[in-house]
Amino acid sequence: MSKTQLSFFDTSALGGGSNTLFWGDLPGDRALDEAASLAKEAAAAPVVAPKIDFRLCGTRDLSQGWKARARDNLTAIRLLSELEAEGRNATPQEQAVLAKFTGFGAGELANSLFPRAGEAFRQGWEEIGVQLETLTSQQERAGLARATQYAHYTPELIVHALWDLVAQMGFRGGRALEPGCGTGLFMGAIQRNLPRRRPGRRSRTTL
């Protein structure tokens with residue numbers, strides 16, 4: 001053991017002298033650098049979310065009021081843009097956010113956010129309308145405007161009731177056709193005891 005008494009201030013950056021010790025002067029410094037580099041890479045790595053079908057447990061807990069619904073739609077659009085830009089799947093928490101997208105088919109939303117040429121947003125809806133313009137391209141907004149005439153989706157209460165009905169009729173999994181999937185609520189609300197895909201079979205309409 002060394003008998004040399006080291007002063008804390010003389011052997012640190014606080015001393016400012018030539019005897020200051022740095023981590024680079026210590027044994028095993030390369031290992032420390034490698035560990036720090038790995039930690040930095042791990043922190044910078046994107047979130048890797050597995051590709052798992054969304055399962056709706058209970059209800060989506062939709063917001064009350066049309067403006068709140070519109071804001072939920074904007075949140076879903078913003079999140080979808082981020083996922084596409086990052087090239088990754090949504091996490092379960094993000095899937096729950098996306099599931100709150102209800103479209104703009106309701107009259108209050110369609111008439112307030114998609115004015116005719118030369119007209120302004122309905123009074124009180126200006127902020128939401130500007131956000132919609134910021135989040136979407138002109139072509140995307142035109143598509144949303146066209147969809148307002150048929151963007152009327154089955155309420156989740158009815159969706160759950162229909163799944164209960166087919167289960168009572170003896171359906172235990174297999175193929176089920178949903179011609180207009182809308183926001184995917186019928187697929188998301190399938191009962192847990194019904195398998196989504198039959199082993200050995202591949203089909204876009206197989207549950």
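Me: Buried means under 20% relative accessible area. What makes Glu94 count as buried?
Reply: This is a predicted model, and in it Glu94 has a relative accessible area of 16%. The cut-off is under 20%, so Glu94 is called buried.

Me: Where is Glu94 found, and what is Glu94 in contact with, leaving aside its neighbours within four places in sequence?
Reply: Glu94 belongs to helix α3, residues 92-98. Beyond those neighbours, Glu94 touches Leu79, Leu83, Arg88 and Asn89.

Me: How do you know that Glu94 forms a salt bridge with Arg88?
Reply: The closest N and O atoms of Glu94 and Arg88 are 2.8 Å apart. A salt bridge needs a side-chain nitrogen of Lys or Arg within 4 Å of a carboxyl oxygen of Asp or Glu, so the pair of Glu94 and Arg88 qualifies.

Me: Why is Arg88 called buried?
Reply: The relative accessible area of Arg88 is 19%. Buried means under 20%, so Arg88 counts as buried.

Me: What forms a salt bridge with Arg88, with N and O atoms 2.5 Å apart?
Reply: That partner is Glu86. With Arg88 also bridged to Glu94, the shared partners join Glu86, Arg88 and Glu94 into one network.

Me: How many salt bridges does a search of the whole structure find?
Reply: The search finds 4. One of the pairs in the structure is Arg60 with Glu156, at 2.7 Å from N to O. The limit is 4 Å, so this pair is a salt bridge as well.

Me: What makes the pair of Arg60 and Glu156 a link between distant parts of the chain?
Reply: Arg60 sits in the loop between α1 (29-44) and α2, while Glu156 is in helix α7, and the two are 96 residues apart. Both Arg60 and Glu156 are buried.

Me: Why is Asp61 called exposed?
Reply: Asp61 has a relative accessible area of 58%. Exposed means over 50%, so Asp61 is on that side of the cut-off. Asp61 lies in the loop between α1 and α2. Its phi is near 55°, a positive value in a residue other than glycine.

Me: Why does Leu162 count as partly exposed?
Reply: Leu162 has a relative accessibility of 37%. Buried residues are under 20% and exposed ones over 50%, with partly exposed in between, so Leu162 falls in the middle class. Leu162 lies in helix α7, residues 156-168.

Me: What makes the nonpolar surface patch of about 530 Å²?
Reply: The patch is made by Leu157, Ile158, Leu162, Leu165 and Met169. A patch residue needs over 30% relative accessible area; Leu162, at 37%, passes that cut-off.

Me: Is Trp163 buried or exposed?
Reply: Trp163 has a relative accessibility of 9%. That is under 20%, so Trp163 counts as buried. Trp163 also lies in helix α7.

Me: How do you know that the buried residues of α5 line one face of the helix?
Reply: In helix α5 (residues 126-135), the buried residues include Ile128, Gly129 and Leu132. Seen down the axis, the buried residues of α5 fall within an arc of 100°, so they line one face. On the other side, Glu127 and Thr134 are exposed. The cover over the buried residues of α5 includes α2 (66-86), α4 (107-113) and α6 (138-147).

Me: How many helices and strands does the protein chain have?
Reply: The protein chain has 8 helices and 0 strands. Of its 207 residues, 28% are buried. Among contacts with a separation of 6 or more, 61% are between residues 24 or more positions apart. The chain exposes about 14,900 Å², and carbon and sulfur atoms supply 55% of that area.

Me: What pLDDT does the protein chain average?
Reply: The average is 79, and 71% of the residues score at least 70. Over residues 4-26 the pLDDT is below 50, and this stretch has 15 contacts in the model beyond near neighbours in sequence. Residues 197-207 also stay under 50, with 24 contacts beyond four places in sequence. Where pLDDT is low, the predicted coordinates should not be read in detail.

Key. Residues are numbered from 1 along each chain as its sequence is written. This is a predicted model: local features need pLDDT of at least 70, side-chain atom pairs count only at pLDDT 80 or more; totals for chains, interfaces and linings use all residues. Side-chain values use heavy atoms; hydrogens and water are left out. Patches are made of residues with over 30% relative accessible area and no salt bridge: like charges are joined within 9 Å, nonpolar side chains (Val, Leu, Ile, Met, Phe, Trp, Tyr) within 5 Å. Accessible areas come from the Shrake-Rupley method with a 1.4 Å probe; for residues, only the protein chains shown count as cover. Helices (H or I, at least four residues) and strands (E, at least two) are DSSP runs, numbered from the N terminus. Buried means under 20% relative accessible area, exposed over 50%, partly exposed in between (1.4 Å probe, protein chains only). Contact means heavy atoms within 4.5 Å. pLDDT is the predictor's confidence in each residue, from 0 to 100. The arc is that of the directions from the helix axis to the C-beta atoms.
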